[in-house]
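Let's take a look around this protein together. Have the sequence and the 3D view open as you read.

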Amino acid sequence: APDSENLLSFYFRALGWRYVIVFLLLSFLLVALLVMCFLQIRREALMPKALRDGFEAHLEAKEYQQAEFFLKQLAVLQPEEPDHVLQKAVLLAEQGEEDRAWQTASAVMMQSGYLKAGEWLAERRFRVFAADKLPDDESWEGLDATLQWILSRNPEHSRSLFMRATGLMMRGENTLARTVLRTLIRQPKGGFAEAYFSLAEVETSLGNTADAQAAADAAAQQMLQSYSSKTLVLEEFVRLVRALLLAQRELDAATLIIEAADSNRGQRDELKDLLLQTYLYHCARLRTQPVRSDIDVAMLLDQITRAINLSPSDPRVTDELALIGGVRELSDERLQQQLEAALIAGVSPGTVHFILGTRELSKSPANIAGAMEHFEISNQHAPGMPGLLNNVADVMVEQPEADMEQALVMVEQALKYLPNEPAIYDTRGKIYLRQGKVVEAIADFERALSDRQNLHKVHEHLAKAWEAAGNLPKAEIHRAMVEQLRKSDGLPSPTDREK
């Protein structure tokens with residue numbers, strides 16, 4: 001009988017060696033593919049979904065004991081999974097054990113090199129650091145070490161670069177912050193609006209106006225794409241306006257604010273103040289730039305006029321008007337010529353003459369006759385304008401080194417136009433008190449008692465005047481009136497503010 005042949009030999013002889021080799025190769029490839037697929041299965045596929053969902057649901061519901069139970073079950077199934085340790089840190093943080101949470105996240109970050117643990121820890125540290133108005137060095141060092149650890153593994157980590165730049169800005173290290181921000185905006189995902197906005201702020205603080213303008217313009221362009229006046233978020237809107245101002249697009253900012261005020265009547269007061277700040281910012285920029293063209297001066301006068309019309313009694317307007325007028329030694333022949341050129345061109349005549357009048361008063365000695373000419377014309381164009389002289393003088397009274405004689409001249413001119421205005425008598429009383437003329441001061445303060453809007457302030461001034469005169473009982477009477485008036489107006493008393 002022929003020798004028996006095994007099955008393997010039979011298949012090999014029947015198929016031939018080529019088919020056998022092909023079959024073996026296909027078998028090997030199939031096994032290799034299966035192994036690779038198993039290795040590529042994601043953590044979520046291996047982790048029982050019900051347990052993970054249960055943990056997250058209980059954590060969100062603040063049912064911490066149940067959440068911890070599910071987390072322990074997950075840890076049993078995958079004891080070497082670093083994410084379970086991170087979730088333990090999250091659970092501790094939710095329970096208020098912030099220190100233990102940070103230690104747990106830091107441990108898994110350093111031992112396992114788990115990037116997500118570093119990201120979570122950085123966000124928690126940054127939140128605490130940013131919430132502190134005066135963050136200490138220890139808080140910064142912990143945050144910076146975590147961010148540096150992340151960046152050592154992923155130099156293009158946009159969020160970490162942004163947090164580090166923000167921290168440096170808060171610490172006043174603007175030069176280093178600029179370097180970090182410039183690195184950030186070069187990243188594929190780093191050129192977002194907040195990055196450009198922060199860079200604009202840093203460049204501004206360092207005096208790099210052109211670079212700040214370019215960065216702010218890039219930020220504003222992105223912010224405008226997502227802006228809607230119908231769903232106004234005031235904090236974000238203020239940031240957009242600030243970007244436009246740094247980009248020297250003040251007119252665009254003002255237009256945007258006016259449109260937003262029409263659509264958001266509930267926030268009109270905040271938007272009105274923001275508009276005033278925009279006008280004054282524009283004034284200050286034009287006033288302080290090294291070279292001013294006739295167009296710049298015309299725009300400067302237009303913006304200060306709009307500010308006056310918007311809020312004539314606001315001390316910020318008075319302050320800027322005083323600076324424009326030269327009361328605080330802002331004077332040069334070029335500005336004088338430009339003001340006169342603007343006047344000839346018919347730009348804001350009331351404002352121009354008021355500024356020219358205050359400039360005459362700021363001279364030493366004061367040119368009262370020349371000032372009066374301008375004030376007369378200013379009063380014809382804008383009857384309320386001379387009253388701003390009182391506001392300018394009132395600002396000067398609060399400055400220790402201000403010239404009280406000059407302030408007195410201004411008040412006297414204001415009284416010629418508004419002889420029945422109690423606020424002017426109150427200002428003159430404060431000037432007399434600074435000059436040691438106590439009797440005259442008391443007389444003026446008593447005439448100012450008809451000012452019902454600021455009556456408690458007048459009584460405060462009378463209390464100081466009577467005390468200076470040595471009459472303490474009368475001073476106490478007026479202090480008692482101050483307490484009573486402030487209480488009736490819902491304001492804190494001076495003693496409460498001291499506490």
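Two residues are in contact when they have heavy atoms within 4.5 Å of each other. Keep in mind that this is a predicted model.

Start with Asn 390, which sits in helix H22 (residues 387–397). Leaving aside its neighbours within four places in sequence, Asn 390 touches Val 411, Ala 414, Ala 423, Ile 424 and Thr 427. With Thr 427 there's also a polar contact between the two side chains, at 2.7 Å. Is Asn 390 buried or exposed? Its relative accessible area is 6%, and buried means under 20%, so Asn 390 counts as buried.

| Helix | Residues |
|---|---|
| H10 | residues 158–170 |
| H11 | residues 174–185 |
| H14 | residues 234–246 |

How do H10 and H11 cross? Their axes come within 8 Å and cross at roughly 160°. Angles over 145 degrees count as roughly antiparallel, so that is what H10 and H11 are to each other. The crossing is left-handed. Residues making this contact include Leu 161, Phe 162 and Leu 168 of H10, along with Ala 177, Val 180 and Leu 184 of H11.

Last stop: H14. This helix has 13 residues and spans 18 Å from its first C-alpha to its last, close to the 18 Å expected at 1.5 Å a residue. Its buried residues include Phe 237, Leu 240, Val 241 and Leu 244. Among the parts covering the buried residues of H14 are helices H12 (193–205), H13 (209–226), H15 (250–263) and H16 (268–288). After H14 comes Gln 248, with a positive phi near 60°.

Notes
Residues are numbered from 1 along each chain as its sequence is written. This is a predicted model: local features need pLDDT of at least 70, side-chain atom pairs count only at pLDDT 80 or more; totals for chains, interfaces and linings use all residues. Side-chain values use heavy atoms; hydrogens and water are left out. Helices (H or I, at least four residues) and strands (E, at least two) are DSSP runs, numbered from the N terminus. The expected span of a helix is 1.5 Å times one less than its number of residues. Buried means under 20% relative accessible area, exposed over 50%, partly exposed in between (1.4 Å probe, protein chains only). A polar contact is a pair of N or O atoms within 3.5 Å; within protein, one must be able to donate a hydrogen and the other to accept it, and residues adjacent in sequence count only if both atoms are side-chain atoms. Axes are lines fitted to C-alpha atoms, for helices over the stretch in contact, and angles run from 0 to 180 degrees between N-to-C directions. Angles under 35 degrees count as roughly parallel, over 145 as roughly antiparallel, 65 to 115 as roughly perpendicular and the rest as oblique. A crossing is left-handed if the near helix is turned anticlockwise from the far one by less than a right angle, and right-handed if clockwise.
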